[in-house]
Amino acid sequence: MWQVVLKLAVLMFIVWFFFYKLSRYNGLPFVLVIMVVLVGIYVFITSKTVAGRQIYALGGNAKAARLSGIDTRKVFFWVYTNMGILSAVAGIVLCSRNGSSTPKAGDGFEMDAIASCYIGGAAVAGGAGTIMGAVVGAFIMGILNNGMSLYGWSTDIQKIVKGAVLLGAVTVDILSKRKNSK
């Protein structure tokens with residue numbers, strides 16, 4: 001019982017501290033509100049609906065999903081449609097942060113996105129991973145990017161570090177799969 005109380009107290013303190021810092025800074029950033037809403041919607045969809053189970057099944061083994069009766073073409077269509085919508089939201093947020101739009105505004109973000117997914121627990125072979133894991137991975141990559149920028153590291157060194165982090169996450173995933181299969 002005391003462990004549950006301690007865990008809840010620590011979580012409540014973290015939430016309180018987070019909101020205290022935000023209130024001292026002019027309130028909640030609108031981008032944070034958008035992110036929380038989107039994460040909540042997609043966590044619900046992937047964990048509580050048939051469509052979410054079909055997406056996980058398709059990611060695990062597309063051939064098995066098709067043989068089990070899932071209309072894989074329809075699922076692929078809706079997944080790609082959702083990714084287009086999320087890309088549009090990300091583009092709008094990036095343009096609003098930069099104050100303008102340029103064709104090269106998002107160069108290099110694809111590596112950060114892939115690394116975020118792997119750090120968050122998505123498997124190389126597919127079929128594993130969660131929305132919250134990807135969000136945690138994105139926070140880790142954001143902290144890494146911010147820290148390297150604050151230290152004044154050159155973009156070449158930053159890309160090497162990000163590549164090493166991605167390589168490490170993939171290596172850990174492959175080694176854990178090997179260990180679990182024995």
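Which residues in α2 meet which residues in α7? I began my notebook with this one, working on a predicted model.

**Entry 1: α2 and α7**

I looked up the contact and found Met35, Val39, Tyr42, Val43 and Thr46 on the α2 side. On the α7 side I wrote down Ile131, Met132, Val135 and Phe139. I then looked up the axes: helix α2 (residues 30–48) and α7 come within 9 Å and cross at roughly 145°.

**Entry 2: α6 and α7**

Next I took helix α6 (residues 109–119) and helix α7 (residues 131–151), which pack with their axes 7 Å apart at an angle of about 125°. That angle makes α6 oblique to α7. I recorded the crossing of α6 and α7 as right-handed. From α6, the contact is made by Asp112, Ala115, Ser116 and Ile119. From α7, I listed Gly133, Ala134, Gly137, Ala138, Ile140, Met141 and Asn145. Sorted by class, the contact of α6 with α7 has 6 nonpolar, 4 polar and 1 charged residues.

Is Asp112 buried or exposed? I found Asp112 in helix α6, and its relative accessible area is 12%. Asp112 counts as buried because this value is under the 20% cut-off. Leaving aside neighbours within four places in sequence, I have Asp112 in contact with Met141, Asn145 and Lys162. I also checked the C-alpha atoms of Asp112 and Gly84: they are 28 residues apart along the chain and separated by 18 Å.

I then turned to Lys162, which lies in helix α8 (residues 155–181). Lys162 has a relative accessibility of 11%, so it counts as buried. What does Lys162 touch, not counting residues up to four places away in sequence? I wrote down Met111, Asp112, Met141, Leu144, Asn145 and Met148.

**Entry 3: α3 and α5**

I looked up helix α3 (residues 50–60) and α5, whose axes come within 10 Å and cross at roughly 105°. That makes α3 roughly perpendicular to α5. Gln54, Ile55 and Leu58 in α3 meet Thr72, Val75, Phe76 and Val79 in α5. I divided the residues of this contact into 5 nonpolar, 2 polar and no charged.

I looked at two residues of α5 one by one. Thr72 is in helix α5, and at 11% relative accessibility it counts as buried. Beyond its neighbours within four places in sequence, Thr72 is in contact with Leu58, Ala62, Ala65 and Arg66.

Phe76 is also placed in helix α5 (residues 72–98). I noted a relative accessible area of 35% for Phe76, so it is partly exposed. How far apart in space are Phe76 and Leu58, C-alpha to C-alpha? I have 8.5 Å for this pair, which is 18 residues apart in sequence.

**Entry 4: the length of α1**

Last, I checked the span of helix α1 (residues 2–24). At 1.5 Å a residue, its 23 residues should span 33 Å. The end C-alpha atoms of α1 are 32 Å apart, which agrees. I also noted that α1 is followed by Asn26, whose phi is positive, near 105°.

Conventions: Residues numbered from 1 in each chain as written. Predicted model: local features only at pLDDT ≥ 70, side-chain atom pairs only at ≥ 80, totals over all residues. Heavy atoms only, no water. Helix = DSSP H or I, 4+ residues; strand = E, 2+ residues; numbered from the N terminus. Buried < 20%, exposed > 50% of the residue type's maximum accessible area, 1.4 Å probe, protein only. Expected span 1.5 Å × (residues − 1). Axes fitted to C-alpha atoms, helices over the stretch in contact; angles between N-to-C directions. Parallel < 35°, antiparallel > 145°, perpendicular 65-115°, else oblique. Left-handed = near helix turned anticlockwise from the far one by under 90°. Contact = heavy atoms within 4.5 Å. Nonpolar A, V, L, I, M, F, W, Y, C, P; charged D, E, K, R; others polar.
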